[in-house]
Amino acid sequence: RLAFIDRLRATQRVPARLLDTVRMSVHDDVWLVELKQQGASMHIDGRAVSVTAVMDFVDRLQASNQFQSPVDIVTTSTEAIAASSIVRFVIRGDLR
């Protein structure tokens, strides 16, 4: 019974660490729409004020050492909203 509780606690740490890493990596120029984790794979759908902001976000995630391989930018596109444009992005990474 204690071993089962220990396994539950260990599995709870991964999502908590992931959310903390994402929280520390997001700055004012990036906002998230969706974060999905399936096994060791993580996908983030978000918006940013520029491609540079997306790249900075990815760099901060990568520097966290929570990922096995480089965090990849899957897609980016520009979307016009009112008089300005924003960058839609999807990134993915494999967790350690």
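# Exercises on salt bridges, helices and strands

The side chains of Arg 92 and Asp 94 meet in a salt bridge, with N and O 2.7 Å apart. A salt bridge here puts a side-chain nitrogen of Lys or Arg within 4 Å of a carboxyl oxygen of Asp or Glu.

The model is predicted: local features need pLDDT of at least 70, side-chain atom pairs count only at pLDDT 80 or more, and totals for chains, interfaces and linings use all residues. Residues are numbered from 1 along each chain as its sequence is written, and side-chain values use heavy atoms, with hydrogens and water left out.

## Exercise A: the fold

Give the order of the elements from the N terminus on.

*Solution.* Start with the assignment. Helices (H or I, at least four residues) and strands (E, at least two) are DSSP runs, numbered from the N terminus. The protein has 2 helices and 4 strands. Their order is α-β-β-α-β-β.

Then turn to burial. Buried means under 20% relative accessible area, exposed over 50%, and partly exposed in between (1.4 Å probe, protein chains only). Of the 96 residues in the protein, 25% are buried.

## Exercise B: salt bridges

State how many salt bridges the rule gives, then describe the pair Arg 23 and Asp 20.

*Solution.* The count is 4 salt bridges. Among them is the pair Arg 23 and Asp 20, with an N to O distance of 2.6 Å. Locate the pair: the two residues lie 3 apart in helix α1 (residues 2–25), so about one helical turn separates them. Arg 23 is exposed, at 53% relative accessible area. Asp 20 is partly exposed, at 38%.

Continue with Arg 88 and Glu 79. In this salt bridge, the closest N and O atoms are 3.0 Å apart. Arg 88 is partly exposed, with 33% relative accessible area. Glu 79 is partly exposed too, with 24%.

Finish with the opening pair. Arg 92 has 23% relative accessibility and counts as partly exposed. For Asp 94 the value is 23%, again partly exposed.

## Exercise C: the sides of α2

Which residues of α2 are buried, and where do they sit around the axis?

*Solution.* Helix α2 covers residues 51–63, which is 13 residues. From first C-alpha to last, α2 reaches 18 Å, close to the 18 Å expected at 1.5 Å a residue. That expected span is 1.5 Å times one less than the number of residues.

Now list the buried residues: Ala 53, Val 54, Phe 57, Val 58 and Leu 61. They cover an arc of only 140° around the axis, so they share the same side of α2. The arc is taken from the directions between the helix axis and the C-beta atoms.

Look across the helix. Asp 59 and Ala 63 are exposed on the other side of α2. Then step past the end: just after α2, Asn 65 has a positive phi of about 60°.

## Exercise D: the partners of β2

With which strands does β2 pair?

*Solution.* Two strands pair if DSSP finds at least two bridges between them. Strand β1 (residues 30–38) runs antiparallel to β2, joined by 8 bridges. Strand β4 (residues 84–94) also pairs with β2 in the antiparallel sense, over 8 bridges.

Follow His 43 of β2. In one direction, His 43 is the bridge partner of Lys 36. In the other, Arg 92 in β4 is its bridge partner. Arg 92 also holds the salt bridge with Asp 94.

Check the turn. The hairpin of β1 and β2 has 2 residues between the strands, and Gly 39 there takes a positive phi near 60°.

## Exercise E: a surface patch

Which residues make up the nonpolar patch on the surface?

*Solution.* Apply the rule. Patch members have over 30% relative accessible area and no salt bridge; like charges are joined within 9 Å, nonpolar side chains (Val, Leu, Ile, Met, Phe, Trp, Tyr) within 5 Å. Trp 31, Val 33 and Val 49 form the patch. Together they have about 270 Å² of accessible area, computed by the Shrake-Rupley method with a 1.4 Å probe, where for residues only the protein chains shown count as cover.

Trp 31 stands opposite Arg 47 in β2. Val 49 is in the loop between β2 (41–48) and α2.

## Exercise F: Thr 21

Is Thr 21 buried or exposed?

*Solution.* Thr 21 belongs to helix α1. Its relative accessible area is 10%, so Thr 21 is buried. Now compare positions: Thr 21 and Gln 62 are 41 residues apart along the chain, and 9.8 Å separates their C-alpha atoms.
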